[in-house]
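The following note sets out numbered points for colleagues who have the coordinates open. Please read each point against the model.

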Amino acid sequence: MRFRFCGDLDCPDWVLAEISILSKLTSVKMKLLSVQVVKDLLGEAIDYDKVHKLTADAKYETGDVKASIAAISFILSSAAKYQVDGESLSHELQQLGLPKEHSSSLCKTYGDNLGNLQAEFMRQSLKLTQLESMEWRVDYILSSSELSEVQEPMVQLMFKVRNPDTGNLATHSFNMTADKFRLFLNEVKQAHHVMEGLSL
């Protein structure tokens with residue numbers, strides 16, 4: 001069977017296995033657990049002490065707790081990714097065997113946070129290095145150790161870029177002849193023109 005929250009594919013077997021474990025919780029605790037998972041998806045830390053208290057009545061072992069968090073995380077993030085509405089998600093989860101009250105609790109949390117989840121996933125989706133600064137200098141080379149007479153300008157470029165994952169700065173520098181610099185500049189202008197034509 002195909003499910004919209006799985007991108008119109010079959011539900012993964014591991015998620016199916018976790019549905020029965022999630023069913024052991026009460027619907028209220030299911031909602032509270034899903035709130036913790038949403039916090040994690042939005043970049044905040046999960047309160048594991050709270051999670052262990054929520055799952056204590058269901059006699060969850062540590063592995064069950066981790067698997068339940070992973071399953072809820074998969075369900076919520078996939079549903080947000082494929083823009084599934086809360087009612088459809090609830091119906092699909094019931095088809096997988098999750099009780100109606102549990103599905104409703106999970107989907108209430110999902111519906112309340114759908115916009116925030118999609119905004120966060122959009123923010124994380126395409127991370128490119130960010131140009132922090134660029135420095136350049138032109139040197140006129142009169143001669144070198146290999147050639148007695150060069151008489152040619154050399155362009156030195158130095159870029160500082162920030163890694164989006166770590167926040168660290170990296171420096172990249174290189175030299176090029178005046179002809180190569182003209183070619184480089186022309187290609188950068190063409191790329192800039194193409195990028196301006198793209199609509200996001």
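1. Phe 181 and Phe 184 lie three residues apart in helix 7 (residues 178–197), which puts about one helical turn between them. Helices (H or I, at least four residues) and strands (E, at least two) are DSSP runs, numbered from the N terminus. An α-helix has 3.6 residues a turn, so residues three or four places apart point the same way. Phe 181 is partly exposed at a relative accessible area of 25%, and Phe 184 is partly exposed at 27%. Here buried means under 20% relative accessible area, exposed over 50%, and partly exposed in between (1.4 Å probe, protein chains only).

2. The model is predicted: local features need pLDDT of at least 70 and side-chain atom pairs count only at pLDDT 80 or more, while totals for chains, interfaces and linings use all residues. Residues are numbered from 1 along each chain as its sequence is written, and side-chain values use heavy atoms, with hydrogens and water left out.

3. The structure contains five aromatic pairs. Rings of Phe, Tyr and Trp (its six-membered ring) pair if their centres lie within 6.5 Å; planes under 30 degrees apart count as stacked, over 60 as edge-to-face and the rest as tilted. One of the pairs, Trp 14 with Phe 74, is edge-to-face, at 5.7 Å centre to centre and 65 degrees between the planes. This pair joins distant parts of the chain, since Trp 14 belongs to helix 1 (residues 13–22) and Phe 74 to helix 4, 60 residues apart. Trp 14 is partly exposed, with a relative accessible area of 41%; Phe 74 is also partly exposed, with 22%.

4. The ring centres of Phe 181 and Phe 184 are 6.4 Å apart and their planes stand at 40 degrees, so this pair is tilted. Ring pairs also connect Phe 159, Phe 174, Phe 181 and Phe 184 into a cluster.

5. Which residues of helix 3 are buried? In this helix (residues 48–56) they are Val 51, Leu 54 and Thr 55. Viewed down the axis of helix 3, the buried residues fall within an arc of 85 degrees, so they line one face of the helix; the arc is that of the directions from the helix axis to the C-beta atoms. Asp 49 and Lys 53 are exposed on the other side of helix 3. The buried residues of helix 3 pack against helix 2 (27–41) and helix 4 (62–81). At the start of helix 3, a side-chain oxygen of Asp 47 comes to within 3.3 Å of the backbone nitrogen of Asp 49.

6. Ser 34 is located in helix 2 and is buried, with a relative accessible area of 0%. Setting aside neighbours within four places in sequence, Ser 34 is in contact (heavy atoms within 4.5 Å) with Ile 72, Leu 76, Ser 105, Leu 106 and Thr 109.

7. The protein chain has seven helices and three strands, in the order α-α-α-α-α-α-β-β-β-α along the sequence. Its radius of gyration is 27 Å, well over the 16 Å that the globule rule gives for 200 residues, so the chain is more spread out than a compact globule. That radius is taken over C-alpha atoms, and the globule rule is 2.2 Å times the number of residues to the power 0.38. The C-alpha trace spans about 85 × 35 × 25 Å along its principal axes. Of the 200 residues, 30% count as buried.

Definitions and conventions
Polar contact = N/O pair within 3.5 Å; in protein donor to acceptor, adjacent residues only side chain to side chain.
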